[in-house]
Amino acid sequence: MGQYKLYCPGCKTNFDDAFSNICPCCGNAGPLIRVDYEEKMFKPLTMTGFWKYLNWLPCKDWNDKIKSQTVVYKSSGFAKELGLKNLFITFSGYWPEKNANMVTCTFKELEAPPTFQRAKEKCIDNLVIASAGNTAKAFFFAAQYYNINLYVVVPRKNFDRLVLPFEVPDNVTIIAVNHNSDYTDSIIFAGRMTNELNLVPEGGARNIARRDGMGTVFLEGVHFMRRLPDHYFQAVGSGTGAIASFESSERLLGSDQFTGPVPKLHLSQNKPFTPLADSWNSDSEELLTMSEERQRKAIEGVYAKVLTNRHPPYSVGGGVYDILCATNGEVYGVTNEEAKSIGKLFERSEGIDLVPAACVAAGSLVQALETEKISQEDTILLNITGGGVERLWEDFNKIQVEPDIICDDTIEMEELKIILEELHG
Ligand SMILES: *Cc1c(COP(=O)(O)O)cnc(C)c1O
Ligand SMILES: [Zn+2]
């Protein structure tokens with residue numbers, strides 16, 4: 001099962017997976033590499049949750065202790081409020097009444113397990129990730145099931161949001177980076193750790209296991225709908241999830257079991273920090289950026305903080321710009337007020353709470369209707385990337401995550417190395 005090669009669209013060559021996410025020939029400037037699976041047909045297997053798509057995941061085996069599952073259903077309540085006839089929802093979160101069992105409450109819980117499983121199969125014994133919060137939670141979750149040392153870099157100021165329904169396992173080391181730092185600073189810091197301390201980078205948007213793990217949300221949606229949607233809605237920070245969905249739709253079309261066209265992507269960001277919307281809506285092939293100071297100021301005003309990646313993979317080959325071109329896509333900016341009020345409407349009409357990013361996606365659906373980018377009869381897939389946090393705390397106790405190390409982002413890596421050695425004896 002899960003036989004695959006890696007493929008670089010830049011030099012058009014196949015190569016074996018040596019746990020690198022970079023083409024040996026094109027390097028860091030090359031396009032996103034993809035996985036070329038031996039199995040070309042869409043054939044869901046019998047395993048629980050996302051592992052049923054194992055023949056389209058870059059690992060050979062699965063871990064049956066992990067049962068994370070996206071739930072798909074046809075909306076009646078929220079759809080009726082908006083007057084939509086064919087609104088389908090993929091819900092990745094906690095909603096036991098609907099069999100949604102993700103205790104970290106977002107679709108990041110689908111990225112982490114395949115990343116660990118692939119690392120295990122490639123005999124990798126450590127991984128470094130940077131996170132604003134949700135990725136960290138998902139990787140803490142998956143780390144419970146693998147014997148791999150995980151280093152997680154999180155901005156210090158995000159810790160109050162880091163509460164879990166389980167204890168962080170012992171193979172995890174949490175590094176809080178101080179003061180001014182935001183998510184992007186954490187990414188840069190994690191990069192220094194991997195370069196200078198010889199640790200293994202998880203790979204971010206380039207990580208094929210993350211993309212194909214998230215791509216299972218789209219597969220689950222299509223498995224339920226038995227067709228591709230006309231439109232796909234998702235809130236984006238890096239855009240990795242949207243790239244994953246696009247790649248899934250191409251794989252499905254490649255099987256000849258489905259007819260096109262490839263679904264139109266409707267991506268959304270939270271005002272006032274909307275670099276992907278600004279760039280796409282100005283027809284720019286390059287990411288438009290403001291001064292760092294203005295970016296940080298804008299980020300402070302954002303409700304859905306997970307959407308505030310300052311360096312999204314926009315202009316890289318196979319990145320956000322390319323998938324928007326390929327699908328004649330749209331990118332919306334949604335205000336905090338819009339997001340919150342639509343979020344309330346969703347909760348009232350569907351019966352489950354949403355994380356802020358999912359409120360932004362729901363807000364963009366309303367904008368698309370108002371601007372007639374979609375019509376009421378169209379088949380629409382709304383990716384609810386996270387929800388059920390309030391529902392979760394009805395069933396579990398909160399455990400506050402604490403950092404193992406707190407440091408400034410100017411710390412020398414030699415010094416960090418000594419601290420790490422002391423910590424682990
Ligand atoms: C991370 C995240 C997103 C954005 O995903 P990207 O792949 O970074 O675009 C959206 N919603 C939720 C709940 C997330 O945690
Ligand atoms: Zn190449």
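A salt bridge is a side-chain nitrogen of Lys or Arg within 4 Å of a carboxyl oxygen of Asp or Glu. The structure above is a predicted model, in which local features need pLDDT of at least 70 and side-chain atom pairs count only at pLDDT 80 or more, while totals for chains, interfaces and linings use all residues. Residues are numbered from 1 along each chain as its sequence is written, and side-chain values use heavy atoms, with hydrogens and water left out.

Side chains of opposite charge can pair when their charged atoms come close. One such pair is Arg-296 with Glu-292, whose side chains form a salt bridge at 2.7 Å, N to O. Both residues belong to helix H8 (residues 292–300), where they are four residues apart, about one turn of the helix. Helices (H or I, at least four residues) and strands (E, at least two) are DSSP runs, numbered from the N terminus. Arg-296 is buried, with a relative accessible area of 18%, whereas Glu-292 is partly exposed at 44%. Here buried means under 20% relative accessible area, exposed over 50%, and partly exposed in between (1.4 Å probe, protein chains only).

A search of the whole structure finds 20 salt bridges. Among them is the one between Arg-118 and Asp-17, at 2.8 Å from N to O. Arg-118 lies in helix H2 (residues 112–121) and Asp-17 in the loop between strand E2 (13–15) and strand E3 (34–37), so this pair ties together parts that are 101 residues apart in sequence. Arg-118 and Asp-17 are both buried. Another salt bridge joins Asp-230 to Arg-227 at 3.0 Å, N to O. Asp-230 is partly exposed, with a relative accessible area of 31%, and Arg-227 is partly exposed as well, with 35%. Salt bridges also link Arg-34, Arg-211, Glu-247 and Glu-250 in a network.

The second largest pocket has a volume of about 630 Å³. On a 1 Å grid over the protein atoms alone, a pocket is an open set of points with protein on both sides within 12 Å along at least five of seven lines, and lining residues have an atom within 4 Å of a point. Its volume is the space filled by probe spheres set on the points, which are joined across faces, edges and corners. Of the 31 residues that line this pocket, the closest to its centre are Lys-137, Leu-354, Val-355, Pro-356 and Val-389. Elements that each supply at least two lining residues include helix H3 (134–143) and helix H11 (356–370).

Notes: Chains lettered and ligands numbered in written order. 1 Å grid on protein atoms, 1.4 Å probe; cavity = no way out; pocket = protein on both sides within 12 Å on 5 of 7 lines; lining within 4 Å.
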